[in-house]
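Visitor: Could you take me through one part of this model up close? I'd like to look at a single sheet and how its strands pair up.

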Amino acid sequence: MRASALVLTREMGENDLTGPRTDAEARILASARAGVDRRYRLAGLLLGNAADAEDATQEAMIRAWRSAASLRDPSRVDAWLDGVLVNVCRDRMRRRKLVRFIVLVDGATGPARDQFQAVIDRDEVARAMRGLDADLRIVVVLHYWGGVTLEGVADRLGWPLGTVKSRLHRALREMRAALDGAAAEDAR
Amino acid sequence: MSDDLDRRVREGLGGLDLPPAPSSLHDAMDRLGAEPPGRPHPRWRGALRAAPVLAVAVAMVAVLAWGSGLRLGVSPGATPSASAGGTPGQSSTTSSTPLPGLSTANPKPSGSIVPWLDQTAFTAPSPTPVVIPSGTPTCLPGDLTASAGWQGGGGQMLGWLGATNVGKHPCILEGSPRLVELRSAKTILEPITYHGEPSDGSSDPSVIAGPVLLTPGGAAAAFLSWSNWCRATTPVVTSLTVTLPSGGAPIEAGPTSPGPGIGGAPRCDAPSAGSTFTAYAFTPVAPEAPPSAPQPASVALSVPSSATAGADLVYYVTLTNLGTQAAPLDPCPTYSENLVVGGRALKLPTVQFLLLNCAAIGPALASGASVTLEMHLPVPANVVPGPATLHWDMDPGGSLDTSAASPQASITIVGPPPSSHSVTPSPKVLLAFKGSGIKSSEPFTASGDSVTLAYTYDCSGAGSSGRFDATLFDRNGVAITIFGGSARSGGDIAPEYISNTAPPYHVEVSTDCAWAISVTGTP
């Protein structure tokens, strides 16, 4: 038991080589901490559940910290971190092909129900979005939820602007079909 | 119409009431700076990957951090309650050297020097075994009260069942508790497959845990893990019913800490598989140590100006207790040391917890007292000669608080003297791995202190600007290094230090790009 107890102490404790050493590193830490709620929500919208959102956000920030030297323009740290997070989420979405949404039985909403799933289930637009492929969903979430311009999306993801626009167009077309289908279902 | 949809999507998504990040994620961000930039913190990745032993550690963090009744504090110098680091409001004076006036050839300070102890907290002998008087009875259900708690860790729920002897006589607990049922309010959660483990879940699963003597008021705890809950509802468990290893009437365990219940349910990882609940053997819970505030301490390093690759770096550390009270050395506090060469630490932070030679120092370091300790740090033979930095610090949680600054000293690594007798084994290609997209390599073994990792990637055919990410893992899922880049193409070649990692290793690649990776070293 002693070994594990020590591991846990180290896990939560401090390394002996800690702390930011450059302006870029200081900005990464500051942005990661200040933006944790927003990035967690961004990851949750992309991945569809809280557990994956937490894992992805943490993984992304660790990756970013590891890659601190590659942040060439510290003034763009927020966009850079967003890009790292979206790429981590994109990898996860691609690995599982589809976001796993657990359908809850009516009236069976326990107190620990996943908060992202609950929110997405309640909103028809969010439900329509969850059927999109990873890259389409990323564009929709960044642009409409995150308020990022299409140029900003292109910048964050390193995609050509034309690609972003065409993906948004496809995403809206698919969402319209989903919303129309849902409306027709309701009308029956 | 398009504008209508545009507005509808904007308003729909913009109006979502999404939850804020959990406190665990905020805590993780607060810890983010606790690793040197440019090098991953292996345990974090390991924890994310839910390697079993690491998951145990994560769970212990979570449960112990509750600050509730259960405290498994048998770690030398690192009681869980003090693991958060320095005590607020306490100052710590730390000096960094090399000390002026010291000879390069002989940095040895004058006066009494405590010899080096080649022992980590992991290899230290166990505390003196508790002698169980013959005739001590087995604990009966009526002798005990129980409580339980767990939290999420890598998709599982991990926690503890605690048992306290409320009787008037000592008794013995041996083995793992047996699950009878989990309840969420009045609902029994099922089906759940129970599995009992004879080990205590801490490290080596082949070691069967021994009996635990519970004196009146004494406590024991059994580690619990619950995985793969795929039912439609996600319950909060409000009670846990078990029988003792020796059987008898069931005991109901309530929540360890105030709140809605014992804990939540695990993630659904495999819908076609069942839900599994594992209970490990009871293990003793150390009695609550009397509160002892860490004493601020200064550190002075006395190091030679150079160290030879392939030889021990011998240096000296002088610790001075600047506090107003004696700093007890039982449990013996631990320290960490590291040589940083070319921006890379030679040791992984996971394998520190080096023990001071407390037996030679005495039971405590008195207020105002100093002690000088000899230290040996093996310098790998294949370290590139050049400037390096030696870092040394007490681990947090011990009785000596050196958290205000990290003592360090500059040193130059020089190559080993040429020898006509030594034969260095020629490196071999241990892994040649190329392809495109997401792939995982076959396992490979390596020995020695390091391997050379080389990679190239080409994202020009990926359609968008590429991103190449790959991770070198050891057997336990600990990420030794994460490497890659986000350029159109690129590559690198660098040594990766694998001391104290566990082979076999493998590489996982996550990218759209084409890539080639090779690992060379000693098989």
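Guide: Start at Ile113(B), whose bridge partner in β21(B) is Thr372(B). This is a predicted model, so to speak of local features we need pLDDT of at least 70, and side-chain atom pairs count only at pLDDT 80 or more, while totals for chains, interfaces and linings use all residues. Residues are numbered from 1 along each chain as its sequence is written, chains are lettered from A and ligands numbered from 1 in the order in which they are written, and side-chain values use heavy atoms, with hydrogens and water left out.

Back to that pair of strands: β1(B) runs parallel to β21 (residues 370-378) of chain B, joined over two bridges. Strands here are DSSP runs of E, at least two residues, numbered from the N terminus, and two of them pair if DSSP finds at least two bridges between them. In general, strands of a sheet pair through backbone hydrogen bonds, either parallel or antiparallel.

Now zoom out a bit. The open sheet in chain B has five strands, ordered β1-β21-β15-β13-β23, with mixed pairing. Its edges are β1 (113-114) and β23 (400-401) of chain B, each pairing on one side only.

Ala300(B) counts as buried because its relative accessibility is 13%; buried means under 20% relative accessible area (1.4 Å probe, protein chains only). Have a look at Thr318(B) too: 18 residues separate it from Ala300(B) in sequence, yet the two are 5.1 Å apart in space, C-alpha to C-alpha.

Terms used
Helices (H or I, at least four residues) and strands (E, at least two) are DSSP runs, numbered from the N terminus. Buried means under 20% relative accessible area, exposed over 50%, partly exposed in between (1.4 Å probe, protein chains only).
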